[in-house]
Amino acid sequence: MEELSRSYIQKLLKEKEVLVNHIPVKANYKINAGDVIEFTLPEAKELDVLPEDIPLDILYEDADIIVINKPKQMVVHPANGHTSGTLVNGLLYHCRENLSGINGVLRPGIVHRIDMDTTGSLVVCKNDMAHQSLSRQLKEHSICRVYEAIVHGRLKEEEGRVEAPIGRHPIERKKMSTHSRHGKPAATNYQVLTRFERYTHIACRLETGRTHQIRVHMASIGHPILGDLVYGPRKSEFPKLQGQTLHAKILGFQHPRTGDYMEFQAPLPAYFVHLLNSLK
């Protein structure tokens, strides 16, 4: 059942929706010849989030997908402390009934996320077919994702690669780290675009998509992203900055229905352009 994630099946096992010989079993049960396995897939639950008429900067839209240029300070999905004003609230209003039901929750197909203070391109799926296709491409690392960022310090090399596993920080659980005992493989390629006196404007191409990947990797080599108060200096030279200077510039993938490669570019936000000009 390729449309279901491993974590969702584990959740169903815990909820006793998987039976062997009419008896609920745990995930570690070893099956035997002749066992009869029964699997019940509950109906998709409605998401307890209200639609909101929020203006969306739409880069592309068709019957299967919608590509959004996400602004700064917008949370992608509702969570504690952010139950309204999120991208999902706006999508529920804009897409109406065109929602995917992956993993048992009726909601817009958020395949990948970007941080609240990261701007740029994000693809959302309108149906399960599109969601499955994009999820598969993400898993295979075949989606092209290029970010632009401004980092502290002057990078010596014109380009480089950071390859270091990323997992939860061993002490500060809200942070990610390259020193986690359970880190997953991660790789980021970077290229210098412009050097300034104390900062460098770079482009980063992701090979993997771990949480906070670019922020963690650049900090790990001594060049944290400007404005990142979590992985960089606690005080910024630019106090009006709201979070890290990180922008998802290019997003490319195969269209889930046609198979054609499509690529989208989200223009740099005004604050980013202004900052580059001031650094010059």
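I started with Lys175 and listed what it touches, leaving out residues up to four places away in sequence: Gly167, Arg168, His169, Val230 and Tyr231. For me, contact means heavy atoms within 4.5 Å.

A note on what I am looking at. This is a predicted model, in which local features need pLDDT of at least 70, side-chain atom pairs count only at pLDDT 80 or more, and totals for chains, interfaces and linings use all residues. Residues are numbered from 1 along each chain as its sequence is written, and side-chain values use heavy atoms, with hydrogens and water left out.

**Entry: Lys175**
I found Lys175 in the loop between strand S12 (167-168) and S13. Helices (H or I, at least four residues) and strands (E, at least two) are DSSP runs, numbered from the N terminus. Is Lys175 buried or exposed? Its relative accessibility is 16%, so it counts as buried; the cut-offs are under 20% relative accessible area for buried, over 50% for exposed, and partly exposed in between (1.4 Å probe, protein chains only). I also saw that the side chain of Lys175 reaches the backbone oxygen of Val230 at 3.4 Å.

**Entry: Thr178**
Next I looked up Thr178, which sits in the loop between strand S13 (176-177) and S14. Thr178 is buried too, because its relative accessible area is 17%. Not counting residues up to four places away in sequence, Thr178 touches Ala164, Pro165, Ile166, Val216, His217 and Ser220.

**Entry: the cores**
I then turned to nonpolar cores, which are sets of buried Ala, Val, Leu, Ile, Met, Phe, Trp, Tyr and Cys residues joined through side-chain atoms within 4.5 Å. Which residues touch the most other members of the largest core? They are Ile202 and Ile214, out of 30 residues. Elements giving two or more residues to this core include helix H2 (87-95), strand S15 (199-206) and helix H4 (213-220). H2 provides the largest share, five residues. For Ile202, I noted contacts beyond four places in sequence, among them Tyr147, Leu155, Val192 and Met218. A second, separate core has 13 residues, including Val123, Leu138, Ile143 and Leu251.

**Entry: a three-stranded sheet**
Last, I traced an open sheet with the order S2-S1-S3 and antiparallel pairing. Two strands pair if DSSP finds at least two bridges between them. Strand S2 (23-24) and strand S3 (37-39) are at the edges with a single partner strand each, so one side of each has no neighbour in the sheet. I found three bridges joining strand S1 (residues 18-20) to S3, and Leu19 stands opposite Glu38 in S3.

Methods
Polar contact = N/O pair within 3.5 Å; in protein donor to acceptor, adjacent residues only side chain to side chain.
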